[in-house]
Amino acid sequence: MVARLVISPVVPAIESHFETSTGAIGLALSGMWAAYAFSQFPSGVLADRYGERRVILTAISTTAVSSLLLALSPSLAFFGLFAVVLGAGAGLHYVVATTLLTRIFSNTGRAIGIHVVGGPLAGLSAPVLAAAIGARYGWRVALLLGAAAAVPVGLLFARQVRPIAPQHPERPMRDQFDPGTLVALLSRPRIAYTTVLATIAAFTWQATASFLPTLLVAHHGYSTALAGVLFSLYFVVHGVCAPAIGGLSDRFGRDPTLGVTLAVGIGAYATLVLAGSFPAVVGGVVLAGVAMSWSAPLQDRFIARLSDDERNRGFGLVRTVYMLLGALGSVVVGTLADLAGWGVAYGSLSVLLSVAVGSLAVVHLRGVSL
């Protein structure tokens, strides 16, 4: 996460150095995030064949090397290429790390919750450090933060985490990519329904991460600096709540915890749209941070509906699907804001979350096995 998030704060300097447009840099960053999403599925297949530890070490090593190459890019074309390599390499990590945790720990909700704290911690610290270092030493030094984070973590992981035998080293790789098998897995009612829930949650997360500061500036008239502070508050709350919600999931069940967490989001986005005072806006930001900490119960829901034989491959597949669909949150909400204003754009997130929470309530009340 650090390696990917340190790029955005120094985009103006990169544009100036390569004498290019924001659109060209945006294309490179889109390629990076697309590569990240697409590599989720093959990462699970590789873990089944070679073991989670090897794949995670490959992900960390690739992140370190590509961050270094990105900082040394001699041209915009190489910058775009290395950004895609960075996304693909970093994308190998998450699915495999999650399934590894489920093999090691019994309290999977808490373990996943602690694991996902890395995202908001990076979101809070990496952009600030990159901006400060970039302003003083230049954008190339700022991008080296990715390698600076990856190298010690990789060494520590290699030293502390013991190898675990791969679950299916005998499986032919070609069979794992059979379209018929993949469609059959995705079409199972329990997997399909959970994928819909995950898509709604990821769509909302993407829209929040992309436009929350813009909403605060354009809709409430706050300064860019104040909007940045409130955005940092969102990441702080997100980071604190993720492991706590994972623990609640272990104690009270995945679906009740997930339903309450997403229900908080209904109030959060309504508050952010309708709030007429600064304290109310702060409350909306805090509630959004809580609501977007849905990862542990939702991802544990996937894991519980996949057999031991298919967890790596299956979780990788559904994560690729819901991340790609969820990525539409940026373009859809941005377009709604252009056409109808921020009230409609962010109000639509409350509507989507209401659909998810309502469906969970129906499933629970009717005792449907989804």
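Leaving aside its neighbours within four places in sequence, which residues is G51 in contact with?

1. Ground rules first. This is a predicted model, where local features need pLDDT of at least 70, side-chain atom pairs count only at pLDDT 80 or more, and totals for chains, interfaces and linings use all residues. Residues are numbered from 1 along each chain as its sequence is written, and side-chain values use heavy atoms, with hydrogens and water left out.

2. On to G51. Beyond those sequence neighbours, G51 touches L46, I164 and P166 (contact: heavy atoms within 4.5 Å). G51 sits in the loop between helix 4 (40–50) and helix 5 (52–71); helices here are DSSP runs of H or I, at least four residues, numbered from the N terminus. With a relative accessible area of 2%, G51 is buried (under 20%, using a 1.4 Å probe and protein chains only).

3. Helix 4 also packs on helix 19 (residues 311–326), at about 175° with the axes 7 Å apart. Axes are lines fitted to C-alpha atoms over the stretch in contact, and angles run from 0 to 180 degrees between N-to-C directions. The pair is therefore roughly antiparallel (over 145 degrees). On the helix 4 side, the residues involved include F41, G44 and V45, and on the helix 19 side they include R313, L317 and M323.

4. Helix 11 (residues 145–160) has 16 residues and reaches 23 Å from first C-alpha to last, close to the expected 22 Å, that is, 1.5 Å times one less than its number of residues. Its buried residues include L145, A150 and F157. Among the elements covering the buried residues of helix 11 are helix 5, helix 7 (93–104) and helix 9 (118–137).

Definitions and conventions:
Helices (H or I, at least four residues) and strands (E, at least two) are DSSP runs, numbered from the N terminus. Buried means under 20% relative accessible area, exposed over 50%, partly exposed in between (1.4 Å probe, protein chains only). Angles under 35 degrees count as roughly parallel, over 145 as roughly antiparallel, 65 to 115 as roughly perpendicular and the rest as oblique.
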